[in-house]
Number of protein chains: 2
Amino acid sequence: MKVACILGPGFEDSEFKQPYDALRDAGHEVTIVGLEAGQKLDGSKGNETATTDLAVADATPEDFDALLIPGGSSPDKLRAHDAPVAFVKAFFDQGKPVLAICHGPQLFLTAGTHRDHRLTAWKTIQVDLKLAGAKVVDEEVCVDRNLVTSRQPQDIPAFIRESLKLLEQVPARR
Amino acid sequence: MKVACILGPGFEDSEFKQPYDALRDAGHEVTIVGLEAGQKLDGSKGNETATTDLAVADATPEDFDALLIPGGSSPDKLRAHDAPVAFVKAFFDQGKPVLAICHGPQLFLTAGTHRDHRLTAWKTIQVDLKLAGAKVVDEEVCVDRNLVTSRQPQDIPAFIRESLKLLEQVPARR
């Protein structure tokens, strides 16, 4: 499967690196999509760096089977721009798997896609989601149809397990 | 006037330093309140550092006349803990001046004080506030009774001007 990983400045190190590695180890192709192509990004904890493969303005959601959204400051930085918000919305509109952890669901609030699925998020974002009318649970991982969400770094094993399971179940893009 | 400045990791450098300096230059006493006392904090842009004077768990809202909330990652880091949220709520409950810029109003969402005043915030937080039922404007500064809010570093001169004006108007604590 072709997976887009949308990433911006200040991503949470382990929430990017561990799912990214696990998806690739399982045979999926992961493309890092950012505000610009070739942008070097540092994790907020200084443990990981990443370089974007593709600018979101040049990325076509139809070219991907699924979307991965790591947490940290990255989702809030991305949602200040129109292109990443439209990119995220397209995966929901097309019913494709979306895998989001921690602050990732901040992008759903801006995209207006937060009310269609049961979901979880980092505890501060759970409040914003509830106030916006979303169906929020406080569990290590929440799977609702095409959406997998988790709260924090400690939840990464469950997040990876359910993400890989979902990707096995859905048909790949022709 | 005695002003509490609530500050956490990753504060936006200029949104802390410029209002902090302006309030002190105008003769106000500013106490930096954080998660711990004596905590050294770095600004997100690496231009400023600050050391907290007092732990929020030991701070008494009744000892202060007004509250300053700089932006950056600081408000979201703070609102993951109960004590800063209760501290912020107390200033609203007591009708004291609250001066918040950028991501500052994230604390209002968690404190449940976002619906009582017209306000502005950083553009991504404007979305969260609107979805939560707040009366949001997109202006460089918004003054509604005891609340002064601004959106971003470019708005700092207007934020400082209206904050100082409000502090001149309200009576000091006994």
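At what angle do α1(B) and helix α6 (residues 156-169) of chain B pack, and how many Å apart are their axes? Select the two helices: the angle is about 35 degrees, and the axes are 10 Å apart. Bear in mind that this is a predicted model. The crossing of α1(B) and α6(B) is right-handed. Now show side chains where the two helices touch. On α1(B), pick B:S14, B:E15, B:Q18, B:P19 and B:A22; on α6(B), pick B:I156, B:F159, B:I160, B:S163 and B:L164. Coloured by class, the residues of this contact come out as 6 nonpolar, 3 polar and 1 charged.

Next stop: the sheet. In chain B, 7 strands make an open sheet with mixed pairing, and you can walk through it in the order β5-β2-β1-β6-β7-β11-β10. Select β5 (54-55) and β10 (142-144) of chain B: these are the edge strands, and each has a single partner, so one side of each has no neighbour in the sheet.

With the strands still showing, bring back some helices. Helix α3 (residues 82-93) of chain B packs on the sheet and touches β1, β6 and β7 of chain B, with its direction at about 145 degrees to that of β1(B). Helix α1 (residues 13-25) of chain B lies across β1, β2 (29-34), β6 and β7 (98-101) of chain B, and runs at about 145 degrees to β2(B).

Now for the core. The largest nonpolar core has 109 residues, and those with the most contacts inside it are A:C5, A:I6, A:L67, B:C5, B:I6 and B:L67. Zoom in on B:C5. Beyond its neighbours within four places in sequence, B:C5 is in contact with B:Y20, B:V30, B:T31, B:I32, B:V33 and B:L68. As background, nonpolar side chains tend to be buried together in soluble globular proteins.

Last stop: where the chains meet. Here 12 residues of chain A are in contact with 12 residues of chain B. On the chain A side, select α4 (106-111) and α5 (123-131), each of which supplies at least two of the touching residues. Which element gives the largest share of that side? It is α5(A), with 5 residues. By class, the side of chain A that touches chain B has 5 nonpolar, 3 polar and 4 charged residues.

How values were computed:
Residues numbered from 1 in each chain as written. Chains lettered and ligands numbered in written order. Predicted model: local features only at pLDDT ≥ 70, side-chain atom pairs only at ≥ 80, totals over all residues. Pairing = 2+ DSSP bridges. Helix = DSSP H or I, 4+ residues; strand = E, 2+ residues; numbered from the N terminus. Contact = placed C-beta atoms within 7 Å. Axes fitted to C-alpha atoms, helices over the stretch in contact; angles between N-to-C directions. Left-handed = near helix turned anticlockwise from the far one by under 90°. Nonpolar A, V, L, I, M, F, W, Y, C, P; charged D, E, K, R; others polar. Core = buried A, V, L, I, M, F, W, Y, C linked by C-beta atoms within 7 Å. Buried ≥ 20, exposed ≤ 12 C-beta atoms within 10 Å, placed from the backbone.
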